[in-house]
Number of protein chains: 2
Amino acid sequence: MKAITVTPRTPNSLRLQDVPVPVPGKREVLLRVLRIGICGTDRDIISGFYGEAPAGSDYLILGHESLCRIEKLGPGVRGLKIGDLVVPTVRRSCPENCVSCRNHQSDMCYTGHYFEHGIKGLNGFAAEFAKSDSSYIVKMPESLSELGVLLEPLTIVEKGLLQTYLLQKSRLIWKPERALVLGAGPVGILATALLRLRGLEVDAVATRSKDSVKATLVESTGASYINSKEMPFSSLDYKYDFVFELTGNASVAVSAQDLIRVNGIVCYLGIYREDQETQNVGKVFTELVLGNKLHFGSVNANITYFQSGAKDLVRIQKKWPKLLSSIITRKGGPDDPQKIYNPESEEEIKSIVEFSGA
Amino acid sequence: MKAITVTPRTPNSLRLQDVPVPVPGKREVLLRVLRIGICGTDRDIISGFYGEAPAGSDYLILGHESLCRIEKLGPGVRGLKIGDLVVPTVRRSCPENCVSCRNHQSDMCYTGHYFEHGIKGLNGFAAEFAKSDSSYIVKMPESLSELGVLLEPLTIVEKGLLQTYLLQKSRLIWKPERALVLGAGPVGILATALLRLRGLEVDAVATRSKDSVKATLVESTGASYINSKEMPFSSLDYKYDFVFELTGNASVAVSAQDLIRVNGIVCYLGIYREDQETQNVGKVFTELVLGNKLHFGSVNANITYFQSGAKDLVRIQKKWPKLLSSIITRKGGPDDPQKIYNPESEEEIKSIVEFSGA
């Protein structure tokens, strides 16, 4: 079968490769891939910064954002049938089966030895077929047979947002009104939609102009778009109940600390390049204390966030029918991976690869 | 009556002053003060950095750590009687009566306009008598008629610890084993005892030598004492489930970020002097994200923490009978405030002032 692969840690080894169709084990399913989404993690793997092939293999099939149909069931699989529209989650248990992993919460793995399809030690979904442990499969409604590929990026903010509410409600009486989203890539736009669904006033900040596609999509949800080049953070005249930091820019992450009000919370979701910066750390920590503030990081998402995300994707599609399809700015086949994996324009938001099943 | 007062924001205006005995209102109590404890906040007020007199007054009575007996009840007070051994909490509602304040959680006040006895807009307890709203009074068992003055400093870590557990249990399966306490002043020693009561392995770090009183008290609870001059943070060979940062030193606060393991939590409790420091912020935020880590600040304590603290004080007293009395290294009367408010030796931990009721 056709698969998009890399030799991990070898820059620019991206290629289309012919590899064997995987054979599902007793509790596994064989998936026919409809489409996969491309994100920054894929590009980091292609650049050689990241990625790990399965044990004994010299290549890694890319792709962790996917939409598939069940092609074949292992003999021990229950609750799924051939033809079901599904999304597999990304992370799998560590060999030690730590207390998080053994409870299907590998997103909170304690050992760091978890596996990730398409990223770390397991092949991904950028191929005609893929296999997955059947207990990590989320069924999708047929209404999402085109756009369900956006579930995985949505789960990142599903986790961040649910954890934000759990954390805040565990420690205080919290009635958030205003949220700030830093970054308006695919995840930022989905975060904005999710927060608007929850009834919050939302400002989203990014570097594109006010008439860009990103700005237009943000504003279509009733949120306000702020161009950071026109309005620096220091000029924002109020403080937010919470902030989602999605830019992956360390200087922006530092600024985020100042943008929350008393009892506020910042959820960090980016991966930040090394960045030496001089900060008044005395002020940062004093404000953390005197304001009862909270900063937390969140990575990946377990199956519960995929399940709630599937419902939210339906709600978003119903409320703003053009939003999700507008996030997908380019589609292509797998035959020229260099072309589809490289952004073509400033207005590009999310590129997807369609496989023969689509 | 005798009261220890300052003119707020006037350095070194500390004095013994004769002031009128307060008159309790309908739902207030008049308290006969037995003893008060002295802490860093008192010294910051004396230095003129901090503090605010009650409206219309040109002096502030000091003292927020206290142990008292009920002397007189306002006509609308229920559930208390004359002679009860009690501790009043410190913070009171903001005039706006925000959602936290109106639920007796002024420690999480949203407006910042809260009042604090002995600190901000309300007289404190460093006097022969004081008055308080009766709904902020915690009854103490007679077994704590000497040592109950340590309740208020304990409540700071009661809040920090309860919030730590609430936060962690709201977001993951958490079975902490190892905790680190940074700082071994009165609050650090009480934090160590509290964590040991909860069955955790505890390391406490401070600058005093291994044969100091502080080190001895820490080790009497079964915790390990680390002299930071002999063993820098970078040499600590494992990561902790959580860290209590109590030093109020901004550089130590920065180091605390590195000392927690994956899924770990740092609770910051200090007030930090301005301190410009160069940090690899990219690394800090990436580790926050990839490790699902959490940093939060905590200030003050509401009445629920005083109530749980009173129970823990009894447990600490039972388990380590010499610990609490050893924390109180000096006692004096109110007549020479300069003497009792200034530390006399490196070995001093907690000084208290005894009033005529004691």
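Reply: The contact, meaning heavy atoms within 4.5 Å, takes 54 residues from chain A and 54 residues from chain B. The model is predicted: local features need pLDDT of at least 70, side-chain atom pairs count only at pLDDT 80 or more, and totals for chains, interfaces and linings use all residues. Residues are numbered from 1 along each chain as written, chains are lettered from A in the order written, and side-chain values use heavy atoms, without hydrogens and water.

Me: What makes up the area buried between chain A and chain B?

Reply: Buried area is the accessible area (1.4 Å probe) that two parts lose on being put together, summed over both. Here that area is about 4800 Å², and carbon and sulfur atoms give 58% of this. In chain A, Tyr110(A), Ile173(A) and Phe285(A) lose the most area to chain B, together 15% of what that side buries.

Me: How many salt bridges are counted between chain A and chain B?

Reply: A salt bridge requires a side-chain nitrogen of Lys or Arg within 4 Å of a carboxyl oxygen of Asp or Glu. The count between the two chains is zero.

Me: Why are β17(A) and β17(B) called paired strands?

Reply: Strands (E, at least two residues) are DSSP runs, numbered from the N terminus, and two of them pair if DSSP finds at least two bridges between them. Five bridges join β17(A) to β17 (residues 276-280) of chain B, so the two strands pair, and they run antiparallel. Within this pairing, Glu277(A) has Gln279(B) as its bridge partner.

Methods:
Helices (H or I, at least four residues) and strands (E, at least two) are DSSP runs, numbered from the N terminus.
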